Amino acid sequence: MHTSIIDQIRRTTPLVHCITNYVTVNDVANVLLAIGARPIMADDPAEAEEITALCAGLCINIGTLNARTIPSMLLAGKHARALGHPIVLDPVGAGASKLRTETALQILDEVRPAVVRGNISEIRTLAVGSGSTQGVDASAADAVTEENLAEAAAFVRGFAARTGCIAAVTGAIDLVSDGTDCYAVRNGRPEMGQVTGTGCQLSALLAAALASAPVAPLSAVTETAALMGIAGELARARMEEHDGNASYRTRIIDAICCMTAQELADHAKITSV
């Protein structure tokens, strides 16, 4: 019998080291607590390896990249890799600047993360070594749609196969592949794009999921992508008059905190592509 990723995370309560960005760091910590994991944020090179050794998983997020944290990301990443801990790379804004693109490619090459989670423009940038994303958002020209789904799935599958990671491309339709199998996840709400940090939160949740379910990583990543989208759906349904995006942000975290394994199973829209 399949055990839900929610139950696995809540049972194992993994400690997750997050080197993430200062725009969303508080929400990332709170979403990990909501799912039943435990966050720790440490981004100084002097303690990065020591902290990551205490943890079960590592999330590296380049959203507010700076010269001080790049060495921390590499030190923590290489140490986590040596310890066999799962690593998630979130290449926020890769393609928007040379620093972001080159750093994301360096982490991909030297750390070899278990999962790379980003929007389609960021993943295309990593695939070709350069890009032209508009800030941290995906280019509309890159968007995954029902019309280009087969082509996009082939691209994501190929990227995962070349890099040896699980690629999780999130957007209106999420695509998750380990280089062989590929799944589409059709959960979520467009309003999630009006809340800063839902992608960052998902990346941290993926690190918790991989730490809790190491024997089935593709399933863990796919289910967790659906979980985040379902939280957006449930939170939107619970909005009241005069609730805005600040309330929506809170309701998403609350939805994750209160979500049951049965709700995840009932609402998940996952298909093979």
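Which residue in β4 does Ile60 stand opposite? Ile60 stands opposite Leu89 in β4.

1. Basis of the note. The model is predicted: local features need pLDDT of at least 70, side-chain atom pairs count only at pLDDT 80 or more, and totals for chains, interfaces and linings use all residues. Residues are numbered from 1 along each chain as its sequence is written, and side-chain values use heavy atoms, with hydrogens and water left out.

2. Strand β3. Helices (H or I, at least four residues) and strands (E, at least two) are DSSP runs, numbered from the N terminus. Strand β3 (residues 57-61) is largely enclosed by the rest of the structure, because 5 of its 5 residues are buried (under 20% relative accessible area; exposed is over 50% and partly exposed in between, with a 1.4 Å probe and protein chains only). Leu58 and Ile60 point one way from β3, and Gly57, Cys59 and Asn61 the other way.

3. Neighbouring strands. Two strands pair if DSSP finds at least two bridges between them. β1 and β3 run parallel, joined by 4 bridges, and Ile19 stands opposite Ile60. β3 also pairs with strand β4 (residues 87-90) in the parallel sense, over 4 bridges. Between β3 and β4 the chain passes through helix α4 (residues 69-83) in a right-handed β-α-β crossover (with the strands pointing away from the viewer, the path from the first strand over the helix to the second runs clockwise).

4. Annotated positions. An unreviewed UniProt entry carries a "binding site" annotation covering Arg117 and Thr170; its positions are given in the numbering used here, feature names are shortened, and annotations may be inferred rather than shown by experiment. Arg117 lies in strand β5 (residues 115-118) and is buried, at a relative accessible area of 7%. Thr170 is placed in the loop between β6 (166-169) and β7 (174-177) and counts as buried at 17% relative accessibility. The side chains of Thr170 and Arg117 make a polar contact (2.5 Å); the term denotes a pair of N or O atoms within 3.5 Å, where within protein one must be able to donate a hydrogen and the other to accept it, and residues adjacent in sequence count only if both atoms are side-chain atoms.

5. Nonpolar cores. A nonpolar core is a set of buried Ala, Val, Leu, Ile, Met, Phe, Trp, Tyr and Cys residues joined through side-chain atoms within 4.5 Å. The largest has 49 residues, of which Leu32, Leu227 and Ile256 touch the most other members. Its largest share, 11 residues, comes from α9. Apart from it lies another core, of 38 residues, including Ile19 and Val156.
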